[in-house]
Amino acid sequence: MKFNEYKHLDLTKIAEEILAFWKAANIFEQSIASREGAIPFVFFEGPPSANGVPGIHHVMARSIKDIFCRYKTQKGFQVKRKAGWDTHGLPVELGVEKELGITKEDIGKKISVEDYNKACKEAVMRYTDIWNDLTEKIGYWVDMEDPYITYKPKYMESVWWLLKQLYNKQLLYKGYTIQPYSPKAGTGLSSHELNQPGCYRDVSDTTVVAQFKVKALAAAAAKALGNPTAPIHILAWTTTPWTLPSNTALAVGKEIEYVLVKTFNQYTFEPITIIIGKPLLAKQFGKKFVEGDATALAAYTPESKTIPYQIIGECKGADLVGTAYEQLIPWCTPAENPTEAFRVIAGDFVTTDDGTGIVHIAPTFGADDARVAKEYGVPPMLVKDAHGNLIPLVDLQGKFITGHNIPEAFAGKYIKNEYYDAGEAPEKSWDVSLAILLKEENKAFKVEKYVHSYPHCWRTDKPVLYYPLDSWFIKVTDFKDRMFELNETINWKPKATGEGRFGNWLKNANDWNLSRSRYWGIPLPIWRTDDKQEEICIGSVEELKAEIQKAIAAGVMTADPYKDFVVGDNSESNYDKVDLHKNIVDNIVLVSPSGKPMHRETDLIDVWFDSGSMPYAQWHYPFENKDYIENHTAYPADFIAEGVDQTRGWFYTLHAIATSVFDSVAYKNVVSNGLVLDKNGQKMSKRLGNAVDPFTTIAEYGADATRWYMISNANPWDNLKFDLEGVAEVRRKFFGTLYNTYSFFALYANTDSFTYAEADIPLAERPEIDRWILSELNTLIKEVDALYADYEPTRATRAISDFVQENLSNWYVRLSRRRFWKGEYETDKIAAYQTLYTCLITIAKLMAPVAPFYADRLYKDLVSVTGKENKESVHLTDFPVVDESYIDKSLESKMQKAQTISSLVLSLRKKESIKVRQPLQKIMIPIANATERAEIEAVANLIKHEVNVKEIELLEDASGILVKQIKPNFKTLGPKFGKDMKAIATAVQEFGQQEIAQFEKAQTYSLQLLDKTVTLSLDDVEISTQDIEGWLVATAGSLLVALDIHITPELRQEGIARELVNRIQNIRKDNDYDITDRIQIRLQAQPALQAAVTANEAYIKNETLTDSITFVESLPEGEEIAFDEVTTRIVVAKS
């Protein structure tokens, strides 16, 4: 058999072939089955929603997951991977409403809840084929045949069981509180939803400093202010003018100083006396207002360019508490306790950072407002609707209510223009219209635009309101300390996310608003009597059926909707008879112990609870697979990975449920990946036209190159600037180099019929270059194994790439090339083949987690010929194990020095545009000691061959030849030595050659200043070497090389001969000659060329397998070749 040879690298075709092979041979299934009985490595798949198509960022996220599952499989663990689909919630509902042309208010009217939920169920799995296609094409191994699906009854039943555990632990409660609410989505939001990345954004809103007219000053304030008789207004600032009609109190800071000021209203020009926080007087008045006296006030007219003001009194905030004021906008009156409204109270949240130092309180639209109002017995602005229900002044759609004394211009209008459909918003927003009204009524002291950060709904992108809602909560505050403790045991990558972003979030966690007033989701399994005195939480279908039977017996129900369901039968066919969605369970009426009907609480639960339940619900725990959870064979996860935004999403809900129900972590290791941005660092979007299509990218560049680029370019947790040119570069530099290395091996191995049939050549009998690359290979195995184990894939891929490109291809293969094409098939050549084969098959295994397709192609191409291993696929092999006996650090150090010296010399050649084929006579290298001499002498022949020089001269004392220069490095001296820097710099600049040499040798230098001795390191100075005539000098750390760039006639001729050899070899390749074919050469005579060939004929013939070289005067049929000063024609023919 022969090794496969290819005409070119086609990663896309390779992926297609390998994917077909995996499917035909069930390689994924084998990778799990072959580890049966092994220690499990537990992985949780965060469920995507299939109602949208995947993007390039999903390739990143899924690659990270795949890498560590493949790696752990190679390490001997059994890694089961169950796919999942997140099928409920706002994204699905909003998409369906758009398709059907309806709003939330139409559900139950224009379309039944049953038909609506049916439409949601159909829509949510619409793009599964596309997701599955991408999953296959990127090589992400996950069980898509048996995924968990959150709308399935088994999954929903497990979620109900979890909720019942929380209920039994008294961690579920119902409360009427101010909560974030999305009018466009028609539901409340949890605090972690509100803190998703991008939810808070800067907006420019109309703000108002309103004038609240005092009815009666508190006694303490009247006394402190000298019992003023003129009408007084209190100034309060708001960024949400639409809340002003709901104002029922004003809050001051008890210790804040307030001033009484006489001035004029800038809109009506009427005289006013106002109360404002003293620290904010200048900020609110601005340049338009100028402090004056009674005379200035008397002289003011509306035509005056500035407005005078005069401070006439001061008091503390505590003095103002109890002051009564007139209702600012008397459209409505609180339905309850109206006489307790419209007074000044104290609030601990009042500051002098912004505004007026006085906060307008609307208890129906602010959590702090509601709390402080309740403390002081101030009623909220709730009015009665037509049915006698208490309601706020803004409805659930974000519209101001109608009726009462509300003007037509404001009644029934959206309070924010963003809530209107496109093209329907009025020119003047609700806030602007109100500001104009307040100006006209002399109730606005100042109106202006203000940029501030405001929360938006994570799914609709529309502004959120803080709204009074009757919601069910999980009492997170009862166990948040335990969540924090458990989080300390989790290995976060990066650590800062776990300790900072996530840890800080846990410290300040609020109770979790579980209620969602929607239709497509998991219903809250709580039934209550109308008087709210009796309730039951259902935790299973069996329990629900038992309660239904009681209800039927009591006469509150006539039939069991689950009559065909058999309790205890966990078959899919049995559970297909059950639907636990809202359209079914809302028709179930249960009976209380006292005989009263109980109706289900109408809310659904937060969809994030769905996904946070997946560790248990995916296995239908505790109704099936109890051992998976309780014996820890499938819980907690050893590893999860998702985007950094999930610190407020899935990472959080997993942790909250695990802590509250099981007092456990849900995961032990977590990789939190950053965003995938465009190449300019901008967020990708269809609107901007900068989104990268994953299918197009994979089709053009291949999944392996895409995955390798994404992982090697930046740490997973850092944002990635995705650039297709970078993918192309990875394909060319890494995969191209590896492909060329394999192609080189296959070409010569096939020529020599190498099949690894011979016994391994003992390491001691292999040449130093083989021992070196095998040492580097084993060092690489050790490093990459440790990096994968530490969830550091970027460093692992870079280490592999550096080895392939620098050590294997650029050094080992190039320096060993002659061993493959010259000489007999004996020990040295066999050792070369064995060594290169070992490197290639090991690289295939090391790279397999990141580049699964090409790794398998490489592995199969190698073992199909040698039969050295009996595994069908690289993904069924064990991860390479380091052989410490192969590691020779001394040899690695020597070779590293050779590489460094060669690199310096080649850089000098490039600087002077002297091609490597042009031989040079000598390099000089100063050495510090005998050890360094020995190291360089051991690799001298390699260096000479690599850089094409005739000799290396090692100098123990270079002072007479090389002149050093030194100057201070102020970047390090300043921070390190402060005021002594100037004296040190002066002393350093006076160093002679002896001091510089001493400094370099010792690596430190003790410098005596006037009053002290300081120790300098080499970082504190910059040492350079002057070029000497006819030589070039380069340094790397303490290593210095000087290159003799004088080219003698003999060297020039040898250079011409080498260029000729290169052209002949290219012609052989273009003519598809076999590497063993011998040839004859005819050349058109040219004096310089003829002299060079004559001087180097044996070398030319030997290198090119040439039998004869003939010069002729004219060769019109020949191919033109040109290099250096030579232009001629050549004919190459087989002998």
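Analyst: In this predicted model, strand 5 and strand 12, the latter covering residues 324–325, run antiparallel and are joined by two bridges. Within that pairing, Val-214 has Tyr-325 of strand 12 as its bridge partner. Strand 5 itself spans residues 200–216, and eleven bridges connect it to strand 17, residues 444–455, again in an antiparallel arrangement. There, Thr-206 lies opposite Lys-449 of strand 17. A further antiparallel pairing links strand 5 to strand 6, residues 232–238, through six bridges, and Ile-234 in strand 6 is the bridge partner of Phe-212.

Turning to the helix contact, the axes of helix 3 (residues 56–74) and helix 25 (residues 703–713) come within 10 Å and cross at roughly 85°. Because angles of 65 to 115 degrees count as roughly perpendicular, helix 3 and helix 25 are described as roughly perpendicular to each other. On the side of helix 3, the contact is made by Ile-56, Val-59, Met-60, Ser-63, Ile-64, Asp-66, Ile-67 and Arg-70, while helix 25 contributes Thr-706, Arg-707, Met-710 and Ile-711. Sorted by class, this contact between helix 3 and helix 25 holds seven nonpolar, two polar and three charged residues.

How values were computed. Residues are numbered from 1 along each chain as its sequence is written. This is a predicted model: local features need pLDDT of at least 70, side-chain atom pairs count only at pLDDT 80 or more; totals for chains, interfaces and linings use all residues. Side-chain values use heavy atoms; hydrogens and water are left out. Axes are lines fitted to C-alpha atoms, for helices over the stretch in contact, and angles run from 0 to 180 degrees between N-to-C directions. Helices (H or I, at least four residues) and strands (E, at least two) are DSSP runs, numbered from the N terminus. Angles under 35 degrees count as roughly parallel, over 145 as roughly antiparallel, 65 to 115 as roughly perpendicular and the rest as oblique. Contact means heavy atoms within 4.5 Å. Ala, Val, Leu, Ile, Met, Phe, Trp, Tyr, Cys and Pro count as nonpolar, Asp, Glu, Lys and Arg as charged, and the others, Gly among them, as polar. Two strands pair if DSSP finds at least two bridges between them.
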